[in-house]
Structure formats: structure tokens, C-alpha cells
Amino acid sequence: MTFTLKASVAATALIASAGLASADCGIESGSVRILSNDFSALHAVNDWAQKCATDKVEVTKNETEEHKNIQVPALTTNPATYTVAVVATNSIVPLMNDNLIRPLDEYVAKWGQQLQDSQKVYVDGKIMAIAFMANAQHLFYRKDVLEENGIEVPKTYDEMFAAAEKLREAGVMQTPITSSYMPGWNLAAEFVNTYLGTGKDFFEPGTAKLAMDQDAAIKVLEAMKKMTEYMNQDWATYDANAQKPVWDAGEAALSINWGSRAGAYIAADNPSPEIAAGTAFAASPAIGGGNIPTAALWWDGFTIAKNISDEDAEASFRAMMNGISPEMMAENPDAAVWLIEGYQPTPAAVGVIADLQGGARPYPMLPYMGMLHTALGDNLAEFLQGKESAEQALSDVTAAYNTAAKEAGYLN
Amino acid sequence: MPHKTFLFFIWPSLLAMILFIALPIGSVAYQSLFIEHEKILIEAKNCGPFGCTSQVSVDAEAMARLRAEQPAGRFNGLGTYTNPTHLATDEIADIVATSKNFGEIRSRIMNLPFYKALIFTLAYTFIVTPLVIILGFIIAVVVNSVPKLLKGPVIFFSLLPMLVTPLVGSLVLFWMIDSRGIIGAMLQSLFNDPTLSLKASPTLTWLTLFTYGVWHSAPFAFVVFYAGLQTVPKDTLESAMVDGASRWERVRFVTIPYLAPLATFIALMQLMDNFRVFEPIIGFSAAASATSLSYLIYNDLRAAESPLFGSAAATSMLTIIGVIILLLPVLRRNWREFNRKT
């Protein structure tokens, strides 16, 4: 059903953008083929890139959550299936590892006047991607519920647990907290977020050797376990998509969730308007006496494939410049925390901006980070379910990471 | 049949089997012996929207040259098979040497990813398979005695679980057993326990998966048994009736022995299918409590940003070996019967 829905939405977008296609980006000819993830901010960017389509310029897009699995094989072929791969902090890594994307310096000099310096992602002195939005997890809270019960907006994990306890004792909510704790990518992201908030690093600098601070990691795991005590008992099946229905049903008052989803929570067309009106955002809580928000900062940006003609590459860059133009942003101010010049934060951006200002740290853009992410996702659930100790969980993570890193050639 | 005629008939399917089964398995076995080249890392200043840091990245061009020289990677022998995420031979030796009692050995081995997955896979196979055969047989006998007019609709509805795509079927059940779903809410009010959730505890998750497995596969057993029932010799049944056999005795002493070879066939198919259990784990979001060998393969290929082909290949080979071990007793019995007949 979702497929037909998506297809019809895509078709509608296609028809709508075809109607608006009069906007001429000045591209003479070429083929632009975009592969991207599937959420509203990227839809906006892709739709604006599609406005560059003319009789001589073809612009197609494939918006799918499977983009991470598609991108490497699709860009390995020559010519590549897609000319543009929209990536995030983590998903650019495999493209760089396999040398599948081209430096953009030449195009930036020619066509990238609108870009701010912070949008240019440099790797080894070359611009490899153009970032256009920032994303991070942060605190979602029910202002109305907290105020009614005399609770301040929690700034630390301890305050968050105290708030949850108070709501539970007052009989307001039995499970006031909700977050994406489904084992796999989601759970690992929560651990990475929280661990970054301790200020410690994952690896020995310059090597793939895992060097997590044991005490900090255990503190993080214990905080996560305490989180689950205030969550719906089915927490192990809740991914990021499962959060909003729970929130809209009024079953939770505190949530750690993605900034890119904040807009939908307070949108005017939300199915529960009174809950949407009471929803507000703040920085991720700090942990262990520190003051760093427990959130990883992510950017989303675009890259251009290597195995395509220079003509297509240039056309793609110019179409994407239209995709991330200030005009696009003016039409979709709420869709994301844009990194585009002239961006004015909207109410939906409060949380991400608070993370940024609080000094949250970026998600590590390291070639072996993905393997640690997988190892974390596979090995933390048993501790949270109370089946093993935090030390055992961490040693399982280390074993899984070391094995994977050896197979991939990062460790010996 | 002369060998020549036999060959003449078999060659198209033999060719297809070599092309689409034997060669891919051979290539997977070959891949499982290799790991990736040692990565050449370079450290450089990288900048992004959140500032500049000195970071390592992979020297893609140097790696491309290495790969061009040796496309398969570095030879690792059986190293991948014995590493901690597969058979974990060193870890097991260590566990046996340092554990105090058998219970500790068992629980520590069950914490290793491969054995954790194996134990669920085996439990699923050996619980679901017999239940499928029994339930399928019961449904077949019942449907066989339904009046002719109702037979069509009854057969159709009994087949439905098998017609539904496994992933969709498990998702449907997953939503129904949600605490807000019809089954979940009913169970809660039945047991008068508002915190009861089939998704929360590992034991209940296992039970749910087993139930799903039986629900999904019983129609297969039913179809086979139902077809078999149509060929049960009427005169034997009638003479049993003349001898005063009750309905149960007729089933027990005529129908069951007659359908026994079919049960072997179903057992064979189900052992193979159930050993590869995968979709319900995804559909039920059950990975926290249950993983299977196929899930491990999926995880190696899809979870990470860069797939671990060697690791996935090794798990695939171990799965094939597992299937062969499982089927050996059944195949041996068939072989003996075949020899007896000729």
C-alpha cells in the first residue's frame, strides 16, 4: 500500500514539477539522475532540481530508503546509473572508499557562487560533497504536560528521569519516554549520540583500533537502560518511524528523536492538533555532569558520480544548485535545518540549533565507523533486556567490531 | 531406462542446476575463503559544516590498484569460519578452559552470535516442523469429511496463510498482536494484565514466531495430505469398517501408514524451509530476542554501509552444511527403502 502511495505521491510531484518546469537553469544539455533517501526535505530539493528539466535536459530521481544499499553498485557501473547521490555523514564513506565520486572544486568555482564555505565538505583538500542541511537527534517534549505538573524542561538525563518519575507517580503517564531503541541501526545511533555527549572518542586517533572509554560507555549504557524503564515495554520493536503515532496518541511526553522529523510533529495538519500545539523542542540532555548535548550532528548533502561524462556531471551540479537554491528554501522553510545562505530558523529547528549551540559533536566520518555502528546495533539489546552485564555487552561489541574490521582489512 | 535416454531427458535441468545452483554455490564457497585487502589509510584535514578535524580516510586509488591485481582479496583459508562471529573456535576453547561449570559454559557459548542464531534456528526447525505435519494432517482429515458443498470455500480459506507473502503475513500478525491490536488487546483483557505484551519478552517472542511458522506452513502440509487422502484405498477402509474398526482406528491403522511417505516428504521440505527461517524475524522486529542463520547473512550484507561478503559467504556455507546434516537421516531412510525395493 505504501508503495502505491509513494508512487502516486511521486507521480503527483512529477506532474506538478513538470508544470513548473519553465524555470530555466541555463543548462544546455545533459542527463541528471538523482538517488536519494526518502524524506520531505530531500523531496523538496529533488523537486527543485527537476525544475531544470527541459527538452534537452533529462532530470530523474529515485527516492528510497534503500539508497544506502543501492548506491555503491549503482555508481560502480560505467556509466553510473545515477549522476547524483544524495548522502549523509555516514553514507558518503563507502562512496569515497571505492573512489566512486568526483571532486567538485571545478564546478564550485564555476557555478557555486551561492554556496557558503560551511557547505563545502573537504576531504584531503578537495571538495567531495555539498552539504545543504543539518540533522541531529534532540529532545521533544510536551510543554503543556510538563507545565501542568510543574516540571522544568530537562537538561540532563537525571532531570529527564526525575521528570518521567514524577509523571508516572502523578498517574499522568505510565511510560512517559519514547525513543527509537529497536536493535540494529536505531539502537546503535542512540548509543553513539549519548556516548558523544560524554566527550570521549571511539577510536585511537588515526587508527581503526577501538578505544572506547569503558567507564563512559558503561555510564551511557546504564542511562539507556534507565530510559527503557520509562518506555513502553515494546521498546525493542520501536524504530524512528514508530515514534510519531505514539506521540500523537498522547502516550509519551518526552522523546529523543530526529530533528528532520520535528516539522511533522508541530505541523498544522497533524492528526492531533492539541498535542501538536503542546509539542516543543530542546537540546538533547547532557550526561554524567557534562554539558555537551548527547547528540551526533549529521549533515545531508549531495555528491556527483565519477563514472559519468563531464557534461552530465556539470548538468547535475547545476541542477542540484537549483535544488538547494534560496528560492527552494523560501518555499520549504520548515522542511529542515538548512545550511543554505539566508536561513532563518523556524520553530521546528529549535532543537537542532540548540544542539549545535550547546557544542554537540559531529558523527564521526571515519571509514570504519559503520562497522562499529553495526556491532553496537547487534550487541546492546541483551544488556537492555537485563540478560547480560554492561561489561559483557561492551566486550561483545568489541569482539564483533574487531572481527568485522579484520575482514574488511582495517585491523590485523 | 538406458543411461543414454536418461541423460537425454535430464540434460536441460542438469544444465540449469549447474548454472544456477552449483556455480553460485561454488563461487560463494570460494569467496568465503577470502577477506578484503588491508586498507591503506591516509590522514588529512577534513572540513564540513561542523568544522575541521584531522581524520583518516581510505586511499581509494591505492586500493583500486590492489584490487585490480587481486580481485578476490586476501586469502584467509578457513579463518572466517573459525572467527568469533562464526564457529568461534578460540573463544569456545577459552570458555571451556575458564568456566566453572557446565551451565556457565552453555550460557557463555549461547552469547556468541553464531550459536545464538543456531539455537533459535534449530528450535524453530524442530518445533515448527512436527507441529506443521500434525496440524496439516488434522486439517486434511477434517476438510475431507466436510460436505461437498462447503469443501471449496473451506479449502480456499485453509490455504490463505500460505498464499500471503511471508513478510506481509508476519507484519499483519505483528500489528494484530500489538498491545493496541486486536489480538494483543484481547490477550490483555483475557489475562487481566495491562502490561502483557507478546513482543516484550524473549520467550513470548519465540512462541509468537513458532506460532507464526506453524500458521504459515500448515497449509502446505494440508494440501499434500489432502491430495494423499483422495488416494487412500476405499476397499481397505471398508474392510476395516466391516471388521468393526472405529473412525479413530481407521485413521490410525489405515490412513496414517498409507500417508507416511508423504509425511517424510513434508518433513524434508519443512526441515529445509524452516532451517532458513528469516522473514518473520524482520516482520516481527524480533531481532532483539531471536536471530537465525539467514538473519546473520542478511545482517552482514545489508546492515553495514559496506557489506561483509566473506562473512556472509561463510555463514551461507555453514547453513548449507547444516541443511545437509539435518536431511541426512531422512535421506538415508529413503535410500534404504529404495534399495529394499530394487
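Modeller: The discussion below takes up the labels one at a time.

Modeller: This is a predicted model, in which local features need pLDDT of at least 70, side-chain atom pairs count only at pLDDT 80 or more, and totals for chains, interfaces and linings use all residues. Residues are numbered from 1 along each chain as its sequence is written, while chains are lettered from A and ligands numbered from 1 in the order in which they are written.

Biologist: Why is A:P103 called partly exposed?

Modeller: A residue is buried if 20 or more other C-beta atoms lie within 10 Å of its own, exposed if 12 or fewer, and partly exposed in between, with C-beta atoms placed from the backbone. A:P103 has 16 other C-beta atoms within 10 Å, and is therefore partly exposed. This residue is found in the loop between α4 (92–97) and α5 (105–111) of chain A; helices (H or I, at least four residues) and strands (E, at least two) are DSSP runs, numbered from the N terminus.

Biologist: Which residues are in contact with A:P103, leaving aside its neighbours within four places in sequence?

Modeller: They are A:K126, A:I127 and A:M128, where contact requires C-beta atoms, placed from the backbone, to lie within 7 Å. The C-alpha atoms of A:P103 and A:I127 are separated by 5.5 Å, although the two are 24 residues apart along the chain.

Biologist: What makes strand β3 (residues 84–88) of chain A mostly covered?

Modeller: Of its 5 residues, 5 are buried. A:V84, A:V86 and A:A88 point one way from β3(A), and A:A85 and A:V87 point the other way. In a regular strand the side chains alternate between the two faces of the sheet.

Biologist: How do you know that β3(A) pairs with strand β1 (residues 30–36) of chain A and with strand β10 (residues 296–304) of chain A?

Modeller: Two strands pair if DSSP finds at least two bridges between them. β1(A) and β3(A) have 2 bridges, in the parallel sense, and β3(A) and β10(A) have 5, in the antiparallel sense. A:A85 stands opposite A:L35 on the β1(A) side, and its bridge partner in β10(A) is A:T303.

Biologist: What sets chain B against a compact globule of 342 residues?

Modeller: The radius of gyration, taken over C-alpha atoms, is compared with a globule rule of 2.2 Å times the number of residues to the power 0.38. That rule gives near 20 Å, but chain B has 26 Å. Its C-alpha trace spans about 90 × 70 × 45 Å along the principal axes, and 31% of the residues of chain B count as buried. Chain B has 15 helices and 4 strands.

Biologist: How many residues of chain B are in contact with chain A, and what is their class?

Modeller: 44 residues of chain B are in contact with 52 residues of chain A. β2(B) gives the most to that side of chain B, with 6 residues. The side divides into 19 nonpolar, 17 polar and 8 charged residues: Ala, Val, Leu, Ile, Met, Phe, Trp, Tyr, Cys and Pro count as nonpolar, Asp, Glu, Lys and Arg as charged, and the others, Gly among them, as polar.

Biologist: Where do the domains of chain A lie?

Modeller: Domain 1 is 2–135 + 298–352 and domain 2 is 137–294 + 368–407, with bounds from an automatic or database domain assignment. Their centres, taken over C-alpha atoms, are separated by 30 Å. The contact takes 14 residues from domain 1 of chain A and 13 residues from domain 2 of chain A.

Conventions. Two residues are in contact if their C-beta atoms, placed from the backbone, lie within 7 Å.
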